[in-house]
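Student: Could you walk me through reading the packing in a model like the one below? I'd like to know where to begin.

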Amino acid sequence: MSDDNVFTYEGPRPDVDWHHRVTKIIKSFRGGSVGRSSVYIALLRDVESSGNFGVYVGMTGKTPAERYHEHKQGYKAAKGWVKKYGICLLKTPHLWNIENEDAVRIERELAETLQRAGILTKGGH
């Protein structure tokens, strides 16, 4: 598996074009200074019984792995997208440990950019 690959699980995967579009968009975003916030992206499967893949974009002051685990347990899971449909946390360390104001902006802009590209996107408040 290439270091450029944001997908880190073994299982059904999105088609190659979808994968490349998502990876390119995610990698186009960068945080600024080092901080305590992180933007994380979870891969979703079969959202809305569509059979398609999607993503959930979130922001946290915890580690992305801790927050993903909380989602899967239903803790502060709001609409439950990750709990119900989450497959894995995508590998996006370039968006971890950044300043809070950067994380707030990136979470929103990344979700909007993914949606405009036709990627089913949840979260991104």
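Tutor: Start with the largest nonpolar core, which has 21 residues. Keep in mind that this is a predicted model. The members touching the most other members are Val39, Ile41, Val55, Val57, Leu95, Leu110 and Leu114.

Student: Which elements give two or more residues to this core?

Tutor: Those are α1, β1 (34-45), β2 (53-60) and α4. Of these, α4 gives the most, with five residues.

Student: And what is Leu114 in contact with, leaving aside its neighbours within four places in sequence?

Tutor: Leu114 contacts Val22, Ile25, Val55, Val57, Ile119 and Thr121. There's also a second, separate core of nine residues, and Tyr40, Ala42, Tyr56 and Trp81 are among them.

Student: Back to the helices. How do I describe a packed pair?

Tutor: In general, you describe two packed helices by the angle between their axes and the distance between those axes. Here, take helix α1 (residues 16-27) and helix α4 (residues 100-116): their axes come within 10 Å and cross at roughly 150°.

Student: Are α1 and α4 roughly parallel or roughly antiparallel to each other?

Tutor: Angles over 145 degrees count as roughly antiparallel, so α1 and α4 are roughly antiparallel to each other. As for handedness, the crossing of α1 past α4 is right-handed.

Student: Which residues meet where α1 and α4 touch?

Tutor: From α1 you have Val22, Ile25 and Ile26, and they meet Leu110, Thr113 and Leu114 of α4. By type, the residues of that contact are five nonpolar, one polar and no charged.

Notes:
Residues are numbered from 1 along each chain as its sequence is written. This is a predicted model: local features need pLDDT of at least 70, side-chain atom pairs count only at pLDDT 80 or more; totals for chains, interfaces and linings use all residues. Side-chain values use heavy atoms; hydrogens and water are left out. Axes are lines fitted to C-alpha atoms, for helices over the stretch in contact, and angles run from 0 to 180 degrees between N-to-C directions. Helices (H or I, at least four residues) and strands (E, at least two) are DSSP runs, numbered from the N terminus. Angles under 35 degrees count as roughly parallel, over 145 as roughly antiparallel, 65 to 115 as roughly perpendicular and the rest as oblique. A crossing is left-handed if the near helix is turned anticlockwise from the far one by less than a right angle, and right-handed if clockwise. Contact means heavy atoms within 4.5 Å. Ala, Val, Leu, Ile, Met, Phe, Trp, Tyr, Cys and Pro count as nonpolar, Asp, Glu, Lys and Arg as charged, and the others, Gly among them, as polar. A nonpolar core is a set of buried Ala, Val, Leu, Ile, Met, Phe, Trp, Tyr and Cys residues joined through side-chain atoms within 4.5 Å. Buried means under 20% relative accessible area, exposed over 50%, partly exposed in between (1.4 Å probe, protein chains only).
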